[in-house]
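Please look through the structure shown here before reading on.

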Amino acid sequence: MKALVLVKHVPDSNSVFRLNASGTWVDETNLSFTVNDFDRYALEELLKLKDAGRVEEVVALTVGPAQAGAALRTCLATGADRAVHIKDEALAGSDPFVVARAIHAAIASEGFSLILGGLQADDDNHTQVGGLVAGLLDWPFASAAVRLSLVDPSTLRVDRELENNEVQVVDITLPAVVTVQTGMNTPRYASLKGIMAAKKKPVATLALSNLGLAPEDVGAKLRTVSLAPPPKGKSAEILTGSPEEIAKALVGRIREKTGVL
Amino acid sequence: MAKVLVLAEHDGKNLKEISFELLGMAHRVASGATVKALLLGEGVSELASKLSERGANEVIHVEGSALRHYTGEGYRRALVPLLEEELPDLVLLGHTPNGWDLAPLLAARFAAPAATGCSKIVLENGKGRFTRKAFNGKFIHEIEVGSARPMIATVEKGASSPVEGATTGTVRSVAAAVAESDLRTRHVEIKKAEAGGLDLSQATIIVSAGRGVGAPEKLEVVRALAEALGGQLGASRAVTDAGWLPHEHQIGSSGVSVSPKLYVACGISGAIQHVVGMKSSAYIVAINKDADAPIFGVADVGVVGDLFEIVPALTKAVKEAKP
């Protein structure tokens, strides 16, 4: 079967972020970008299925500007067989629905049996694209998978992460869309051989016109008003000094406030 | 006046607290209009009356064996005809594993705008304004939605207080428009994630390590402080995902919730998923190199600095202070 992984090129979440001049997003000019962490686990899960002979072809897809092609090259170098890059200036400032609509248009006739993606993106945290794609395709969907296994060629068993250390186990009939949690596997890194091989792997670039979509089909439903640092509510008392002075002060606070020392 | 619908969450026996919080928020948003609760399940009529006593003016109780357990597909198929009939302005779900599973499925069906993880919602002049978090809590993200209806939102736990005092509402029971045999999703079971017997929920002292420790061998610095204090070692998701500690050490929404007398966060930035699991600790100490880290917003006392300098010094001072 053919499988698809949805990936997003996002700023490294360990970056020091500054706001842009209009206060509507972070200033992305000097940030280093990477494959969204959640999506790396989704790719690894498909590569494991391919290693086991359960999946024949793994395709990576992203929606984003030219620089997002780097995320696809990483996926190809890590083991994906080919890539699809949906790129169009009309998609700048898009929202999850627009992204899902473009993905749906690009893959509806591809014949995928399984689509995996990350539960959420580390930048906007919307947690929507996987479910929207499933909804548009009218395929079964399960989110926040921490374990996947093929019960038979048409049934996927998914452990969905709930709260308080619980999981829900569901069996879903393929074709289906599943989003994954971090930590479910150990994502492999690209080998030098993989990086060389990736240069020969095909990347299809699609604009909206290739997808049968007009710019008015992709009007965003969500408009960002502002992005701002969280308000300082209850703020911690910040201790300063040498490590020894700080340690002494902390022991004093802990003794006074908690009685555990 | 806006028509707001709330999806109740339950485990078959009890309603989850988020259901009451959603009703509270719905009344604030609806400014006087009727608030309806949607209750889906099998054999849950007792829960319907509880919703009507705590803020739902009307409970639409959808009964069916296909809804015995939550599945995104079953809930979506039962809800779509109801929403087509009710034509709400806004549908509220919890920002919970089932809420974030279902919200995009409904949004796709109605080509509806959806806002997730909201802490505040305001409807004004026909526009919806939603306050949420982005960049894992490092920023507050305000978004606006125009005239498209329905709007769908998932609401953070604790963002809204329940309705005060007892209320009276009506209950309308309907049969689910979906049968088990229609579904391509089958619930198998709900089970505990694998664990080795550690129970942090009752610990008095917890010292936790986050991404800032950088490498598994460096965890020992944090472990030494936990031992000196006579406490347990906890972790943020980054540490358990990397396999540096087993999952049972994870504190937060998907791990364990704790409320010790003393919580020391070492190299933890304070993503919302972690904070919800530890913010009820009696006294919180945070050590982090990033002065802007959200953890300093929940801590009582903080140190901006290198944990590999501060934590060993603290371990030494604790040992000296002990009788």
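**Around one helix of chain B**

The buried residues of α5(B) are covered by elements of chain B that include β12 (205-209), β13 (232-235), β14 (262-266) and α8 (307-321). Helices (H or I, at least four residues) and strands (E, at least two) are DSSP runs, numbered from the N terminus. This is a predicted model, in which local features need pLDDT of at least 70 and side-chain atom pairs count only at pLDDT 80 or more, while totals for chains, interfaces and linings use all residues. Residues are numbered from 1 along each chain as its sequence is written, and chains are lettered from A and ligands numbered from 1 in the order in which they are written.

Helix α5 of chain B spans residues 219-229, and its buried residues are V222(B), L225(B), A226(B) and L229(B) (buried: 20 or more other C-beta atoms within 10 Å of the residue's own, with C-beta atoms placed from the backbone). These residues lie on the same side of α5(B) because they cover an arc of only 100° around the axis, taken from the directions from the helix axis to the C-beta atoms. Just after α5(B), G230(B) has a positive phi of about 75°.

Chain B is assigned domain 1 (4-182) and domain 2 (200-321), with bounds from an automatic or database domain assignment. Their C-alpha centres are 35 Å apart.

Between the chains, 77 residues of chain B are in contact with 68 residues of chain A (contact: C-beta atoms, placed from the backbone, within 7 Å). Strand β12 of chain A (residues 222-228) pairs with strand β8 of chain B (residues 139-145) in the antiparallel sense over six bridges; pairing requires at least two DSSP bridges. I140(B) in β8(B) is the bridge partner of A228(A).

Conventions
A residue is buried if 20 or more other C-beta atoms lie within 10 Å of its own, exposed if 12 or fewer, and partly exposed in between; C-beta atoms are placed from the backbone. Two residues are in contact if their C-beta atoms, placed from the backbone, lie within 7 Å.
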